[in-house]
Amino acid sequence: MQSQCLLLCFLALVICQGTETVLDLFPEYKIVQRKIDALENDNKALKVEIAQIKDCQCSNRKTTPVFSSVLTHPLNVTSNAAIKFNRVIVNIKDGYDPTSGIFTAPSKGVYHISSTVMNSNGKKLAVSLYLNDVKITSIYLNPASKTFEMGTTNMMLDLKEGDKVTMRSRGSYTVHSNQNVYSSFSGYLIMN
């Protein structure tokens, strides 16, 4: 097919004897060439998109660190002690250890970390979110009457692999919970 096309082009050149171009003899060639150029540009754009997708930091159920744990009973904690949220709801990449109450980042990146705690009826409760041994933020509950109160913190933390995140008591307190599950600790990677 290609050799027939070349022969046809050669014959056209001989016939024209230089007065017309091949493009003048075959106007469809211009249309086809424009379509080829457009397809080549589309192909370049698609290659860029594919590269961007390969670099995408999209969530993946098997590889994105995610944890969520809850406290199922009242927990007495001493000053600076980690709150051990005993029931694990989800723990993809096994970053959370319910026996220590510590989340260890399985990979670097920005994580969303949150915790909600409830005080015992009418009692004070002060807890803090720690990154390694640095206090990041705190929750302080001091009810004016015999009531239960809840406090929540949400933070974005830029973690390195192996960084440790925990909720710790700021004194000798009781973190309240029961079968209704009032206290929780969760986090997930949002970007590498």
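**Exercise 1. Aromatic pairs**

Task: Find how many aromatic pairs a search of the whole structure gives, and classify the pair formed by the rings of phenylalanine 85 and phenylalanine 185.

Solution: Let's begin with the count. In this predicted model, the search of the whole structure returns six aromatic pairs. Next, take the geometry of one of them. The ring centres of phenylalanine 85 and phenylalanine 185 are 5.6 Å apart and the planes meet at 35 degrees, so this pair is tilted. Now place the two residues. Phenylalanine 85 sits in the loop between strand S2 (75-77) and strand S3 (87-92), while phenylalanine 185 belongs to strand S12 (residues 183-191), so the pair ties together parts that are 100 residues apart in sequence. Finally, check burial: phenylalanine 85 and phenylalanine 185 are both buried.

**Exercise 2. Another partner for phenylalanine 185**

Task: Work out which kind of pair the rings of tyrosine 96 and phenylalanine 185 make, and which aromatic cluster holds Tyr96 and Phe185.

Solution: Start with the angle again. For tyrosine 96 and phenylalanine 185 the planes are at 75 degrees, with the centres 5.9 Å apart; planes over 60 degrees apart count as edge-to-face, so that is the class of this pair. Then look at the sequence: tyrosine 96 is part of strand S4 (residues 96-97) and phenylalanine 185 is part of strand S12, so the pair ties together parts that are 89 residues apart in sequence. Tyrosine 96 and phenylalanine 185 are both buried. To finish, widen the view: one aromatic cluster is formed by Phe67, Phe85, Tyr96, Phe103, Tyr111 and Phe185.

**Exercise 3. The nonpolar core**

Task: Say how many residues the largest nonpolar core has, and trace which strands supply it.

Solution: The largest nonpolar core has 25 residues, and Phe103, Ile113, Val165 and Phe185 have the most contacts inside it. As for the strands, S1 (66-71), S2, S6, S7, S8, S9 (150-159), S10 (164-169) and S12 each supply at least two residues of this core. S7 gives the largest share, four residues. Now zoom in on phenylalanine 103: beyond its neighbours within four places in sequence, its contacts include Phe67, Tyr96, Tyr111, Ile113 and Val165.

**Exercise 4. Strand pairing**

Task: Give the strand order of the open sheet of five strands, then describe how S11 pairs with S2 and with S6.

Solution: The open sheet has the order S4-S5-S10-S7-S8, with antiparallel pairing. Its edge strands are S4 and S8 (134-141), each of which pairs on one side only. Moving to one pairing within it, S7 (residues 125-131) and S8 are antiparallel and share seven bridges; leucine 125 has leucine 141 in S8 as its bridge partner. Turn now to S11 (residues 173-176). It runs antiparallel to S2, joined by three bridges, and asparagine 76 stands opposite threonine 174 in S11. S11 also pairs with S6 (residues 109-119), antiparallel over two bridges, where asparagine 119 faces valine 175.

**Exercise 5. Arginine 168**

Task: Identify which residue forms a salt bridge with arginine 168, and which ring arginine 168 lies over.

Solution: A search of the whole structure finds one salt bridge. Aspartate 133 and arginine 168 form it, with their closest N and O atoms 2.9 Å apart. Aspartate 133 lies in the loop between S7 and S8, and arginine 168 in strand S10, so the pair ties together parts that are 35 residues apart in sequence.

Definitions and conventions
Residues numbered from 1 in each chain as written. Predicted model: local features only at pLDDT ≥ 70, side-chain atom pairs only at ≥ 80, totals over all residues. Heavy atoms only, no water. Phe/Tyr/Trp six-rings, centres within 6.5 Å; stacked < 30°, edge-to-face > 60°. Buried < 20%, exposed > 50% of the residue type's maximum accessible area, 1.4 Å probe, protein only. Lys NZ or Arg CZ within 6 Å of the ring centre and 35° of its normal. Pairing = 2+ DSSP bridges. Core = buried A, V, L, I, M, F, W, Y, C linked by side-chain atoms within 4.5 Å. Contact = heavy atoms within 4.5 Å. Salt bridge = Lys/Arg side-chain N within 4 Å of Asp/Glu carboxyl O.
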